[in-house]
Amino acid sequence: MAVERTLSIIKPDATKRNLTGKINAKFEDAGLRIVAQKRIQLTPAQAGVFYEVHKERPFYGELCDFMASGPVVVQVLEGEGAIAKNREVMGATNPADAAPGTVRADFAESVGENSVHGSDAADTAAQEIAYFFSGLELVG
Ligand code: CDP
Ligand code: MG
């Protein structure tokens, strides 16, 4: 399998509870390398552009406000099959359905406030990484 990069976000519910290190440990234990990382505060408009694919969904407004409600840690994870591997480490969107030991099973508070974002495919990963990072910031 090829080495890939994927965009990860530690969401405001998790930064608020000081869980960045515990979540990063799960990524690293799974063989994912954090090759870029920064803590930022999004505006609702910036969150809206990031989640544009969901703009017709009923939860879109609430999601954008939540993503802007506190600091987030945006990061690029690298590894063999990193896109699918990160989705495994994250667990299902709804923590009630997430497998034991996943980030969302251990830490998510609800289907909305679910601690992490991860890209879902190669094209979205490339697009999402470019939204937050320049090539100079990616050091593998
Ligand atoms: O994050 P993931 O790719 O697992 O799920 P998604 O379907 O792409 O949805 C993006 C985000 O919208 C989720 O992670 C939740 O924060 C939020 N969401 C929500 O608030 N209510 C739902 N019914 C579904 C998603
Ligand atoms: Mg998604």
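Which residues does the UniProt annotation "domain: Nucleoside diphosphate kinase-like" cover? In the unreviewed entry, this annotation spans residues 3–140. The structure described here is a predicted model.

Ligand 1 takes up the space of the largest pocket. Its surroundings include the aromatic residues Tyr 51 and Phe 59, together with His 54. Leu 63, Thr 93, Val 111, Gly 112 and Asn 114 also belong to the shell, as do Lys 11, Arg 87 and Arg 104. By class, four residues of this shell are nonpolar, four are polar and three are charged.

The side chain of Lys 11 places an N or O atom 2.9 Å from an oxygen atom of ligand 1. For Arg 104, a polar side-chain atom lies 3.0 Å from a ligand oxygen atom. Gly 112 contributes through its backbone, with an N or O atom 2.8 Å from an oxygen atom of ligand 1. On its own, ligand 1 has 510 Å² of accessible area, and the protein covers 78% of that area.

UniProt, in an unreviewed entry, places the feature "binding site" at Lys 11, Phe 59, Arg 87, Thr 93, Arg 104 and Asn 114. From this set, Lys 11, Phe 59, Arg 87, Thr 93, Arg 104 and Asn 114 are found in the lining of the largest pocket. Arg 87 is part of helix H5, which runs over residues 82–90.

Note on methods. Residues numbered from 1 in each chain as written. Chains lettered and ligands numbered in written order. Predicted model: local features only at pLDDT ≥ 70, side-chain atom pairs only at ≥ 80, totals over all residues. Heavy atoms only, no water. Near = heavy atom within 4 Å. Polar contact = N/O pair within 3.5 Å; in protein donor to acceptor, adjacent residues only side chain to side chain. Areas by Shrake-Rupley, 256 points an atom, 1.4 Å probe, with all protein chains shown as cover. 1 Å grid on protein atoms, 1.4 Å probe; cavity = no way out; pocket = protein on both sides within 12 Å on 5 of 7 lines; lining within 4 Å. Sits in = over half its atoms within 2 Å of the grid points. Nonpolar A, V, L, I, M, F, W, Y, C, P; charged D, E, K, R; others polar. UniProt positions renumbered as here; feature names shortened; annotations may be inferred. Helix = DSSP H or I, 4+ residues; strand = E, 2+ residues; numbered from the N terminus.
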